[in-house]
Amino acid sequence: MAQENLKGASSLKSAARAAYLPGIDFTGTYFYNQRIINLLGEDAKLPTMKFDPTTMSYQYNVVTGPDGRPVVNPETGGYIPSEIAVIPKEAMSFDVHNVFAGAFTLTQPVYMGGQIRALNQIAGFGEKIAAAMSNNVAQEIVYSVDEAYWTVVSLKEKKKLAESFVALTDSLCYNVKMMLEEGVATKSDLLSVEVRNNEANVALSKVSNGLVLSRMVLAQICGLPPETQMQLEDEELNYTDLRPAAQVNLAEVYSRRQDLEIVRQSINLLKSKEALSLSEMLPKIALVGAYSFSNPNVIDGFKKRFGGGFSVGATLQVPIWHWGGDYKRYKAAKSNTAAQRMLLEDLEEKVQLQVNQAKFSLDEAEKTYRMTTLNLKKADENLTQARIGFMEGVLTTSDVLAAQTAWLSANSEKIDAEISVRLAHTYLSKVLGTLNFK
């Protein structure tokens with residue numbers, strides 16, 4: 001999912017670059033009109049004129065009386081034309097029942113107040129955020145795999161330990177039965193040993209089932225079918241000192257941490273959103289070219305056929321007054337950026353504490369491992385002495401069972417301590433940002 005989000009962010013970045021280039025669009029329309037257009041309500045009657053050489057001007061053709069004077073129309077008070085030009089009503093009627101129109105438009109942004117640049121920056125930082133999120137998820141998966149891996153190793157060792165403990169109780173049970181036949185042990189001693197032997201077998205069954213389930217969990221985390229069988233390299237547990245360098249450069253830790261990288265790129269993204277909000281208050285200029293056509297067209301008289309032509313121009317938009325809305329959005333964007341910076345500072349402090357905690361946990365795990373190693377040596381010696389004392393008759397079955405229990409506990413604690421050291425190393429690598437996830 002993180003990789004798909006990264007692909008989507010890359011596509012958005014490519015889409016943002018396209019805003020620098022001219023856009024070409026086509027628009028088509030169709031209208032049906034119920035009526036035709038009549039520019040004249042009836043036939044138009046227009047007076048005519050003739051040229052008078054004596055006055056060197058045009059004079060209206062009017063009716064004159066016997067005295068040579070123009071006759072006045074008593075109804076209108078105007079002169080009566082002797083000749084008229086008639087424009088029929090039908091000549092100024094246009095059929096617009098069906099109108100088709102279309103236009104190809106090309107728009108080239110010239111200056112958008114920094115809006116296109118801000119959008120490209122936002123898309124670029126969005127891609128970096130998606131990449132950091134993908135890396136962070138991959139790192140979490142690697143850490144989960146490591147935990148599941150060492151859980152399998154731990155249970156494999158505990159299964160061996162449980163098998164050894166069953167063998168010890170079987171041997172003790174056999175010896176007590178022989179001693180019971182010789183009359184040097186009691187029925188109560190045998191029952192106590194048999195109970196412990198049953199408990200050992202139950203524990204072996206539990207750890208065997210736990211090992212099978214842990215292997216299934218590991219396969220599932222690795223993206224494999226749960227029933228997949230795999231042999232782990234470290235199933236034969238062998239402790240080695242993996243202590244990293246004691247000196248930690250926090251600046252380098254901050255730069256490696258992918259969760260901090262997400263916040264850093266978010267700050268950059270919010271700063272670009274500030275520029276985007278600011279662009280709403282700045283003028284915008286664009287060049288526009290178009291080829292438009294229609295049917296009917298009136299380019300050269302009214303004709304019922306397609307006709308059109310080219311046009312070019314420029315547009316200028318200047319924001320003047322929006323009641324402070326754009327400025328308030330700009331201030332809100334700056335506040336969001338400031339809050340994200342505070343979040344980064346807070347996370348860096350927590351990472352510093354996390355690093356110190358991981359180092360202390362590793363030190364504690366290694367000290368615990370050294371102590372459990374010494375305890376195991378003492379438990380081995382104690383078990384050997386208890387078995388010798390039991391065979392010589394100076395110790396009871398309870399003493400042997402107690403020594404076996406202590407031996408089992410010491411071995412289990414040593415395995416847990418060694419696994420804790422491994423996991424502490426992994427966790428420290430995770431918080432330092434050095435856990436390999438690629």
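Reader: I take it that helices (H or I, at least four residues) and strands (E, at least two) are DSSP runs, numbered from the N terminus. With that settled, where does Pro296 lie?

Author: This is a predicted model. In it, Pro296 belongs to the loop between E9 and E10.

Reader: And the peptide bond from Asn295 to Pro296, is it cis or trans?

Author: The bond joining Asn295 to Pro296 is cis, and its omega is near 5°.

Reader: How do E9 and E10 pair?

Author: E9 and E10 pair in the antiparallel sense, over eleven bridges. One of the paired positions is Ala286, whose bridge partner in E10 is Thr315.

Reader: Which strands make up the open sheet, and in what order?

Author: The sheet is open and has four strands in the order E1-E8-E9-E10, with antiparallel pairing. Strand E1 (23–32) and strand E10 (307–317) stand at the edges; each has a single partner strand, so one side of each is left without a neighbour in the sheet. On average, neighbouring strands of this sheet are turned by 20° against each other, direction ignored.

Reader: How many bridges join E8 to E9?

Author: Strand E8 (residues 98–111) and strand E9 (residues 284–295) run antiparallel and are joined by eleven bridges. Among the partners, Ala101 is bridged to Ser294 in E9, and Tyr111 is bridged to Ile285 in E9.

Reader: Turning to the hairpin, what lies between E4 and E5?

Author: Four residues separate E4 and E5 in the hairpin. Strand E4 (residues 49–52) and strand E5 (residues 57–60) run antiparallel, joined by four bridges. Within this pair, Phe51 stands opposite Tyr58 in E5.

Reader: What is the phi of Met56, positive or negative?

Author: Met56 has a positive phi of about 55°, although Met56 is not a glycine. Met56 is found in the loop between E4 and E5.

Reader: On to the helices. How many residues has H6, and how far does H6 reach?

Author: Helix H6 (residues 325–392) has 68 residues. From its first C-alpha to its last, H6 reaches 97 Å, which is close to the 100 Å expected at 1.5 Å a residue. Gly393 follows H6 and has a positive phi, near 85°.

Reader: What span should H7 have?

Author: At 1.5 Å a residue, the 36 residues of H7 should span 52 Å, and the end C-alpha atoms of H7 are 52 Å apart, which agrees. Just after H7 comes Gly433, with a positive phi of about 80°.

Reader: At what angle do H6 and H7 pack?

Author: The angle between H6 and H7 is about 160°, and their axes are 7 Å apart. Angles over 145 degrees count as roughly antiparallel, and H6 and H7 are therefore roughly antiparallel to each other. The crossing of H6 past H7 is left-handed. The residues of this contact of H6 with H7 comprise 22 nonpolar, 13 polar and seven charged.

Reader: And how do H5 and H6 pack?

Author: Helix H5 (residues 258–279) and H6 pack at an angle of about 170°, with axes 8 Å apart. That makes H5 roughly antiparallel to H6. In the contact of H5 with H6 there are eleven nonpolar, five polar and eight charged residues.

Reader: What about H3 and H7, how far apart are their axes?

Author: The axes of helix H3 (residues 187–221) and helix H7 (residues 397–432) are 10 Å apart, and the two helices pack at an angle of about 15°. Angles under 35 degrees count as roughly parallel. H3 and H7 are therefore roughly parallel to each other. H3 passes H7 in a left-handed crossing.

Reader: Which residues in H3 meet H7?

Author: From H3, they are Asp189, Ser192, Val193 and Arg196, which meet Thr397, Leu401 and Thr405 in H7. By class, this contact of H3 with H7 has two nonpolar, three polar and two charged residues.

Reader: Why do residues three or four places apart in an α-helix point the same way?

Author: An α-helix has 3.6 residues a turn, so residues at that spacing of three or four places point the same way.

Key
Residues numbered from 1 in each chain as written. Predicted model: local features only at pLDDT ≥ 70, side-chain atom pairs only at ≥ 80, totals over all residues. Heavy atoms only, no water. Axes fitted to C-alpha atoms, helices over the stretch in contact; angles between N-to-C directions. Parallel < 35°, antiparallel > 145°, perpendicular 65-115°, else oblique. Left-handed = near helix turned anticlockwise from the far one by under 90°. Contact = heavy atoms within 4.5 Å. Nonpolar A, V, L, I, M, F, W, Y, C, P; charged D, E, K, R; others polar. Pairing = 2+ DSSP bridges. Expected span 1.5 Å × (residues − 1).
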